[in-house]
Amino acid sequence: MQNMQNLPIGEVLKEYGYITDEQIEQALQYKKTQTGKKIRFGALLQEMGFVTESQVLQALGRKLDLQLVNLEEYEVSVDAVAKVPKNIAEKYCVVAVSENDGRMQLVVSDPLNFYAQEDIRQIVDMPLEILLCEESRIRKAIEYYYAEISTKQAADKANISAEDIEIPELDADDADDDVPVIKLINSLLVRGYSTNASDIHIEPSKDFTRVRMRVDGNMIEYLTLQKQLHNSIVARIKIMCNLDIAEKRIPQDGNYHGIHEGIELSMRVSTLPTTHGEKIVMRYLVSDTKIDNIGKFGMNERSYNLLMKMLKAPNGIIYITGPTGSGKTTTLYMVLQHLAQRPVNISSIEDPVEKDLPNITQTAVNVPAGMTFAIGLRALLRQDPDIIMIGETRDLETADIAVRSAITGHLVLSTLHTNDAVSSIVRLEDMGVAPYMISNALVGVVAQRLVRKVCQFCAYDAETTESERVMLGEDVRTIKRGKGCKVCNNTGYKGRISIHEMVYIDKKLKRMIARGADAQEMTDYAVQEQGMKSLVDSAIELVKEGVTTPDEVMRVTYYSD
């Protein structure tokens, strides 16, 4: 392949019909103006919009007889990845994926960089088989797999240390990143982030400590650690969060903010005494998880339009409801960022502040210091706000102040833990808020859930069962299911999508609330007169579209035939 060193990429692309002579000439003229810049001709053509990276790779693949692969669904050996140092992989944008018959498979984005290939061939000391993939996918794979390697190596080193020597519990002076336990925790944080985990669980048992991660709402087994390490792990995490390392008898809550391998992490940390030691759960507060329909707050067209109608109200309360982990805060933050584009003063009281939002005044609850939701909310009202966000309505005092704020001219957004939209009205009444106050203040309620999506890499058509047809309709004979593969951790699901049930409080519903109508009567009205789609109906629509499964409908909603 060495004679391909000066392969004219423009001619190759033209040969396969991706560009024209005129475009090549334009690019050559443009290149002459880029004095002092080292830019490859293929990259220049992409920059000018004549070709995509995928087209360049397809042309080179055909010319050089090299296979294009999708790393997200390719069977990658972590042992092979580890044979190329991370700094080399990043430098050349390559990743080793497997080792077969004495040959190393190497995925590259630039097959004409023969210097890089020779450098890596000498490092692994075996012939290379070159595969092609887009640069962005390779970069993502490097972050993903080297985070796993780093964590496993740190765990092995920490476990060996636990076997060889008695590890003393850490104190506040221990800050050396080379200490095995510290390196292990740092690696775990990066690994969790790279896999889009929402939580890391460190769970002590009688004989060992188990580490699990919650990915797409599912608990995934990750590591098993020596029991001797547990106290040092707990002590280190407490130091990171400024918690009391000597107090082991009561639960503690804290927050951690730090930068690891260039990644800025914010986490909420909770400790809980158990029969075998303290359990720790660390929740990522800032996540880069991909959100479907992000421009519409993760909603479909109908739900988005109804929410926008609610947000046009000059004052009143909008509640977003659902259980823990249903994405309420994420939706609220997207809505607040939208509202912040208006010439208004927006203030929030949260527990804790999960994401720093521009143009919004955010305040954190601090109960030990006497800063409760109610006290913070009273203070916010003296700060001349137009829009107020209350992280959660937990008690009568907070609910009462929120309702009065809405009646006196403020737009209030908050969350409640209820099963559906209409039951939020009943919940406020149960808290002790007068029905006439609720009817005057409430603008609308959005109930939300997250359902897992069928993994696109192992999806297949499956016949529906008799019970599934009762739910979906007799005409629905096939649905999508996931077999389970490497990409989805053998769960059959990859990623999540939100479903919504929304009720707009119109004049008739206001009268119904004021006279104390029951939840069923209000639900019937919302369905028949407003066309409200229940959470079940929204989830069933996604099943029919092949996005999710009946099992997910049953998992996240209550279905009664």
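Strands are DSSP runs of E with at least two residues and helices are runs of H or I with at least four, numbered from the N terminus.

In a regular strand the side chains alternate between the two faces of the sheet. Buried means under 20% relative accessible area, exposed over 50%, and partly exposed in between (1.4 Å probe, protein chains only).

## Aromatic pairs and charges over rings

The structure holds three aromatic pairs, a pair being rings of Phe, Tyr or Trp (its six-membered ring) with centres within 6.5 Å, stacked if the planes are under 30 degrees apart, edge-to-face if over 60 and tilted otherwise. The rings of tyrosine 92 and tyrosine 115 have centres 6.3 Å apart and planes at 75°, so this pair is edge-to-face. Because tyrosine 92 lies in helix H6 (residues 86-92) and tyrosine 115 in helix H7 (residues 114-124), the pair ties together parts that are 23 residues apart in sequence. Tyrosine 92 is buried at 10% relative accessibility, whereas tyrosine 115 is exposed at 59%.

Tyrosine 144 and tyrosine 145 also form an edge-to-face pair, at 4.9 Å centre to centre with 80° between the planes. Tyrosine 144 is partly exposed at 26% relative accessibility, and tyrosine 145 is buried at 7%. Arginine 191 lies over the face of tyrosine 144, at 4.4 Å from the ring centre; a charge sits over a ring if NZ of Lys or CZ of Arg is within 6 Å of the ring centre and within 35 degrees of the ring normal.

## Basis of the description

Residues are numbered from 1 along each chain as its sequence is written. In this predicted model local features need pLDDT of at least 70 and side-chain atom pairs count only at pLDDT 80 or more, while totals for chains, interfaces and linings use all residues, and side-chain values use heavy atoms, with hydrogens and water left out.
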